[in-house]
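Thanks, everyone. Please have a look at the model on the screen, and then I will walk through it.

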Amino acid sequence: MPVLDVPTQGTLTSRPYQITTVRHQTHDIVTIDVAPQQHPIAFRPGQFDMVYVYGIGEAAISISSDPATPGLLSHTIRAVGWVTRALNDLQPGTRIGIRGPYGRPWPLQEAEGKDLVIIAGGIGLAPVRPAIVEALRHRERYGRIVLLKGARSPRDLVFRDDLDRWHADRGIDVHVTVDSAVRGWGGRVGVVTKLIPRVPFDPENCVVLTCGPEVMMWFSAEALLKRGVPPERIFVTLERNMKCGVGTCGHCQLGPVFLCRDGPVFSWPEVAGLLDVREL
Amino acid sequence: MGAPEAQPTNEPVVLSEDGLERLLGRLHHEGYEVIGPTVRDQAIVHGPLSEVGDLPRGWGDEQAPGHYRLVRREDDAYFGFAVGPSSAKRTLFPPRQPLWTAESRDDANFEIIETERPKRRLAFFGLRPCEVAAIAVQDRVLLHGIVEDEVYAANRAAVLLVAVECGAPAATCFCHSMKTGPGLETGADLILTELLDGEHRFLARAGTTTGEELLERVEHDVASEEDLDARKEVLASASARLERQLDTTEIHGLLMGNLDHPRWDAIAERCLACANCTLVCPTCFCTTVEDRTDLAGTEASRERRWDSCFSLEFTHTGPASVRNSTRSRYRQWLTHKLATWIDQFDTSGCVGCGRCITWCPVGIDLTEEVDIIRRTSEENVAPWPMVPSPLQEG
């Protein structure tokens, strides 16, 4: 089947997808693999879909699978609201609706010839996972590739298989840390931002992708700037509720920007001043 | 689409009262669904116009912050009022819009059935210049964004605009500040001016070739110098009555540089966060969607409806509301309307129609609020209020 480019028509109606696999990542996070019932649609790392559960509603979910195989699409979902809770309970074989992809992707090209640093907190690994997969496929284009992965506790770690595999592959320096450990955890303990001053990468020649809670991204940026990373080389992805995905429902506004239309990926100078205003 | 495709080439003409009737008849004859001002529930609102008698002839309105009343005029003007609570938005981007339905065939499968959206042949009859400007703003948002909105586009596709220049601005109007009125040069297919001196008549100018063709089919006279002077007189007298002003100089920087101004707190003490301003605003476009199923779960549907940034749940991150205070929600609305709209759509979101002032239950006046922020922006004077309260004076 032909792979289509980003759709611009029919943005009100979802296309049918069938769930092929449901993988329980943690107690409240699942990854749902879906196959298109029509033609697959190309996406780029960092983009998101509007995912519809029959009769319940729609939620904006970033795509966590490999952009090279748009015929097998994954969304990694934490149960938070009605729709995401329903998504967590779906079984293989169920049909869901998807429209997208939407949004500005990670600037992977900008990282070519430089070190690529990825900082992910919790489920924040999902939106950067396609970027990691893409970068590892073209490993020669980048200097060091560094992943700093934080989770609240060992039981909240997502994509464990990937973390193990990437670590073993040596193509990427993987540093995992948890905020609080449990018995049997032999890894690092502490917030992920504490790793930033210590891990090896070239602050003056790198691009950083960060995804996680706003407060984590804020402290990450602070630590990165302190280490000498130019602000315009730091990228964050922001999250707010969305109804349309194309900049017309108004919900995801942050001052002058619509997160869906102008983001969700932003450079630090684009949004630092906005994130600094309470309740904007 | 809808945009004026040609400059008027013909001369201004004059229509009699009968001519107005014939113009409306012509629109019906050509298959237009005609929408215009009409009296309903003690207000002048947009409704279907089947004949000239449906127009609010002899009615005027009295508007002030938080105040709207119909009043009898001393003449028989057809358009002797300012804008009411409804606008073209209600027709082009309705409060409730069915998006699609879905049928479930078994527990795991469903099929989405797209709602048909026949292209309507709509004519707006008697729109004020500020309302024409509001349509242009909605066009920017809903037609010329990264995608074209299907609902709006279907309604907007064949719209014909017959505007009437404003001779009766209300006390809440400030169109001259936003450069949207009271006169109109382009943006409508036909531009009328109601002339009440001497014989009751209408000066008519075509703004597009469609308007030109329409005029050709309606009996008219060539406009005289007196008619043209009479139009100038109508506009001059309307301008003279426009007392309210909004100084838009560097307004983006002014508002975005004052996000922590204490005035937002003072407004929040009055603002009920009722969303009236967003509902009457002819450009506010925010929506939400509602998903439903029947009891058996075999049919689902999705409907889009107007939403408002004044509601607590409007914006959230995860389950947590982003704008918990009324202060932040009013600030979102005002800064969006007057400042960040420019970043997003290269135009102000405000056309100066004054509806948000009139229909605010507590009479909050955005022109006054902007003025206060402007006058105090350098020093950010606190505490508020700036006007000494009667208690302090006593």
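Let me begin at the end of a helix. B:Asp346 follows helix 11 of chain B and has a positive phi, near 60°. Before going on, the ground rules. This is a predicted model, so local features need pLDDT of at least 70 and side-chain atom pairs count only at pLDDT 80 or more, while totals for chains, interfaces and linings use all residues. Residues are numbered from 1 along each chain as its sequence is written, and chains are lettered from A and ligands numbered from 1 in the order in which they are written. Helices (H or I, at least four residues) and strands (E, at least two) are DSSP runs, numbered from the N terminus.

Back to helix 11 of chain B. It covers residues 326-345 and bends by about 60° at B:His336. The bend at a residue is the angle between axes fitted to the seven residues ending there and the seven starting there. Is this helix enclosed or open? Of its 20 residues, 16 are buried, so helix 11 of chain B is largely enclosed by the rest of the structure. Buried means 20 or more other C-beta atoms within 10 Å of a residue's own; exposed means 12 or fewer, partly exposed is in between, and C-beta atoms are placed from the backbone.

Which way does helix 9 of chain B cross it? The axes of helix 9 (residues 263-270) and helix 11 of chain B come within 8 Å and cross at roughly 105°. Axes are lines fitted to C-alpha atoms, for helices over the stretch in contact, with angles from 0 to 180 degrees between N-to-C directions. That makes helix 9 of chain B roughly perpendicular to helix 11 of chain B. The cut-offs: under 35 degrees is roughly parallel, over 145 roughly antiparallel, 65 to 115 roughly perpendicular, and the rest oblique. Helix 9 of chain B brings B:Trp264, B:Asp265, B:Ile267 and B:Ala268 to the contact; helix 11 of chain B brings B:Thr326, B:Arg327, B:Tyr330 and B:Arg331. Contact here means C-beta atoms, placed from the backbone, within 7 Å. By class, these residues are four nonpolar, one polar and three charged. Ala, Val, Leu, Ile, Met, Phe, Trp, Tyr, Cys and Pro count as nonpolar, Asp, Glu, Lys and Arg as charged, and the others, Gly among them, as polar.

Now the sheets. In chain B, eight strands form an open, mixed sheet in the order 3-2-8-9-10-11-1-12. Strand 3 (43-48) and strand 12 (221-222) of chain B are at the edges, each with a single partner strand, so one side of each has no neighbour in the sheet. Two strands pair if DSSP finds at least two bridges between them. Strand 10 (residues 190-195) and strand 11 (residues 201-206) of chain B pair antiparallel over six bridges. There, B:Ile191 stands opposite B:Arg205.

Helix 7 (residues 225-241) of chain B lies across strands 1, 10 and 11, at about 85° to strand 10. Take one residue of helix 7 of chain B, B:Ala230. It has 20 C-beta neighbours inside 10 Å, so B:Ala230 counts as buried. Setting aside neighbours within four places in sequence, B:Ala230 contacts B:Leu195 and B:Asp197.

The other sheet I will show in chain B has four strands, ordered 7-6-14-13, open and antiparallel. Its twist averages 20° from one strand to the next. Strands 13 and 14 (residues 299-306) of chain B run antiparallel, joined by seven bridges. B:Thr288 has B:Arg305 as its bridge partner.

Finally, the two chains. The contact takes 42 residues from chain B and 32 residues from chain A. On the chain B side, the elements giving two or more residues include strand 6 (96-104), helix 3 (129-142) and helix 11 of chain B. That side has 19 nonpolar, 17 polar and six charged residues.

And chain A? Strand 6 (residues 95-102) of chain A is mostly covered, with eight of its eight residues buried. It pairs antiparallel with strand 1 (residues 15-24) of chain A over four bridges. That is my tour.

How values were computed:
Two residues are in contact if their C-beta atoms, placed from the backbone, lie within 7 Å.
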